[in-house]
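Thanks for making time this morning.

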Amino acid sequence: MKLLITGGCGFVGSNLAVLFKQYYAEAEVFCLDNLSRRGSEVNLRKVLAAGATFIHGDVRNRTDFDRVPKVDIVIDAAAEPSVLAGTVPGELENLMDTNLNGTINTLYFAKKHDAAFIFLSTSRVYPYDTLAEAQLVASPKRFNLSDSQSHAGLSSRGVAEDYPLVGLRSLYGATKLSSEYIIQEFAHNFGIPAVINRCGVLSGPYQMGKIDQGVIVLWMAKHFWKGRLGYIGYGGLGQQARDVLHVRDLFRLVQWQIANLGIQKGQIFNVGGGLANTISLAELTDLCSQITGNTIEMGSSLENRPGDLPIYITDNTKITEFSGWQPEISVPQLLSEVHDWFIADEASLKPILA
């Protein structure tokens, strides 16, 4: 097996590269990355140590793919992953060029080499303006979804693939949804075996968390190095909830998808931690405090951020019925692994995450 991972020194890409080399020692794994994100140099060392091949290149530049040899499978994990991207001056061009043009360039490469295509999309393709109308059940520590909802594809289990796509979804979500449409057309017109995974919150060791992306690792980092955090919006109590998927559970699914590409035929799947792995910010604070032994200052703001949601849960029913896959790693276990990573690599991580 010869495999290209774009964004191969990012959080998801680097983890997938290492895991593929661990499980398939004879596989050739190529990681294409421009090393622009802070902390990518840490992931590069891990990728090289695992035996993957690094190619310094940028998905925004089509000619950079000329450095990559013919492969059997492409995993498109390159992205500007911040939901706030494009709203700050100077970031819009990078967002569009990376998330949309970058995917198009990657598709050209896959078409050239008759390679299969696995796309890591996002739950942010679903409109936040209609999701904000979801019926909630509140407890002191978190929001939950009611079973009584006005939109199809929404229940207490979360958001399913048939949730209506009409609405606003952020510039980030729009680039990913646009990429999905183009991938489907390439798959249909050129016979490219393709599958699209709409991922919820992904986390685990080697994620360089920040306020607008990677919040699970950020929360643990602020507790570990005794920083400050705050609950923003929705009453300022930290009741906002998300489901969280460990990157190793994602790898298990990608393994299955590669082995069964022929039966998927351009399918779209919601992929996340699901209801069982949903946690609120207040609950996350409690867990981080228990694991680190540190209690930190927690601010509060009542004003909601644009495009934010009180809750998002992935309904994994379709992918589980299709493949038998379901998440296995709990949020407490994930946080414990992140904590162990901080201890092991504190010298290199503190300047980035503290």
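I will take the sheet, then the cores, then the helix.

What you see is a predicted model, in which local features need pLDDT of at least 70 and side-chain atom pairs count only at pLDDT 80 or more, while totals for chains, interfaces and linings use all residues. Residues are numbered from 1 along each chain as its sequence is written, and side-chain values use heavy atoms, with hydrogens and water left out.

The open sheet has seven strands in the order β3-β2-β1-β4-β5-β10-β14, with parallel pairing; strands here are DSSP E runs of at least two residues, helices H or I runs of at least four, both numbered from the N terminus, and two strands pair if DSSP finds at least two bridges between them. Because β3 (53-56) and β14 are the edge strands, each with a single partner, one side of each has no neighbour in the sheet. β2 and β3 pair over four bridges, in the parallel sense.

Turning to the cores, meaning sets of buried Ala, Val, Leu, Ile, Met, Phe, Trp, Tyr and Cys residues joined through side-chain atoms within 4.5 Å, where buried is under 20% relative accessible area, exposed over 50% and partly exposed in between, with a 1.4 Å probe and protein chains only: the largest has 34 residues, and Ile5 and Leu16 are among those with the most contacts inside it. Apart from this core lies another of 29 residues, including Met220 and Leu229.

Finally, helix α6 (residues 215-224) has nine of its 10 residues buried, so it is largely enclosed by the rest of the structure. Just after α6, lysine 226 takes a positive phi of about 55 degrees.
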